[in-house]
Amino acid sequence: MLNSEQSSLVRFLLIYLGSTFLLFSLASWIFYASAKHDLLDQQRETLEYQSENIKSKLRLLHKSFDDTLIYPGGNSFDSAIFDLDKAYIFGTFENKPTLEQSDHYYDEKRLYHVVKIEPHYLGAAYLMVSKEIDKSPIATLQEKIIWFMLGAGLFFAALGYFLGRLFTAPMRDSIEQMNHFIQDTTHELNTPISTILTNIEMIETYGKHEKSEELQRIEIASKTLSRIYEDLTYLNLNHDYHRQIESVDITKMIEERIVYFSAMAQSRGLTIKLELIPKKILEMDPNDGVRLIDNLLSNAIKYNKTKGTLTVKLTEESLRIIDTGIGIAQKDLKGISKRFKRANKSEGGFGIGLDIVNQVVNSYGFVLHITSQLQKGTEVEIRWEK
Amino acid sequence: MGKVIFLFTLLCILVNAQDVSLEDKQQLQRECLQCHVEQQIPSTLIYRRYLMKYSTFERMQKAIFSYIKTPDQKHSIMPPQFFLKFPMKEALTLDDEKLQKMIECYLNTFDVKKKLVLPQ
């Protein structure tokens, strides 16, 4: 799966599943509250029955003139009677309850039912009946809702994934078509570019003529084409590319690539300043090193001012390539290393240079830092260690 | 020493309270209940009627005081048929303080709460 497709799919799934989850949570919560209320209502009906029973027994007690009056209690519930001022008279509660509300209510553990007694048998104006809430049906209800949420979550995740794949299919097809096109084009370009470069080299080596300006232009153009070809091949094969890590003399590699780009730099009248420490060794694939340096040098040359300066500083800690070119606006700096992103379109290119640099930097755990000022220049720093 | 003083004080209060209570009970019997006994009007029944209507000690106390000071069929706790058989009582001549005390004693004597027990 392509990176862009994956990120689109992830974003779609997050929004889709997030909103579905919220909606279902809300619906489940409303259903739970209503069902719990019904369950408690059923339990309260028992209390209502008990309260009527107690009321009739209180009436009998009120008429009794026995020395002791046995308060009507029960094993499965507690009750208490209160006078008109809501003061406790008698009851079966372990701790004297207070009568603050009327009708019915419940707390974490118990369900309460309060009824008025008229006339006030034994002086009781209110009767409170209470029992422990039977939580097993509520727990069963919670369990059912959790299973429902899990089932719905899985179903909608699968549906979301299917829909997401369906929606991103056109984008995926377009990108695949573009990749195939680039792949085919690069394949077709390889042979003619190689032929041109080999022949220029042969003319320079065995030719009887001085290297003319025209020939130099052909060389620059061919090398530019060659480098674009290398970049495109690198991007295409990057996913399947098996890196061969070895000790690379990065100092030597920079010097070689400077020679490679010298014709291009000369054509723009650039002054190249090299401040390189000798024999800086990095453990990496040589091809990655070449792509990294080529792209940085190419950008520094391409976007430099005519007769500007290109400075390359290599230290134990970092590589810095500084140009005196057109610079990059601050707003463009953030996404500059994304593929096909070009801050300035005055020069040719596909906008893949810094994407390749970024990929190499990320692969080896380097740190890329770009600072730039418009019309003054750009400094690209790559720190070898995080 | 402190404990001795405390126990002595407590004993005095209890003895004193018992005396007052007995004295009050005797006075209640003499001033109030005697007539009820003679006329065969059960005092417990009257207490229960007050309790059923007024519920609290204070409300009953207030209602009884008011009725005894100005006996009136309209404000009586007994039903109208009761007065077909029994004459309207006369207002008591006891002073207010004494009357309040008698009412308190009456309510405490017949207090139903004391009889209530939890089922075994």
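**Exercise 1.** Find how strand E11 of chain A is joined to strand E13 of chain A, and which way the two run.

*Solution.* Start with the ranges: E11(A) spans residues 318-323 and E13(A) spans residues 377-383. (Strands here are DSSP runs marked E of at least two residues, helices are H or I runs of at least four, and both are numbered from the N terminus.) Next, look across: five bridges join the two strands, and they run antiparallel. For one pair to look at, A:Ile322 stands opposite A:Glu379 in E13(A).

A quick note before going on: this is a predicted model, where local features need pLDDT of at least 70 and side-chain atom pairs count only at pLDDT 80 or more, while totals for chains, interfaces and linings use all residues. Residues are numbered from 1 along each chain as its sequence is written, with chains lettered from A and ligands numbered from 1 in the order in which they are written.

**Exercise 2.** Work out how E12(A) pairs with E13(A).

*Solution.* E12(A), residues 367-373, pairs with E13(A) in the antiparallel sense over seven bridges; pairing takes at least two DSSP bridges between the strands. Now pick out a partner: A:Leu368 bridges to A:Ile382. Finally, check the turn: the hairpin has three residues between its strands, and A:Gln375 there takes a positive phi near 65°.

**Exercise 3.** Describe the side of chain B that touches chain A.

*Solution.* Count first: 15 residues come from chain B and 21 from chain A, with contact meaning C-beta atoms, placed from the backbone, within 7 Å. Then see which element of chain B gives the most: helix H2(B), with five residues. Last, follow the strands across: E1(A), residues 69-70, runs parallel to E1(B), joined by two bridges, and A:Ile70 stands opposite B:Val117.

Terms used. Two residues are in contact if their C-beta atoms, placed from the backbone, lie within 7 Å.
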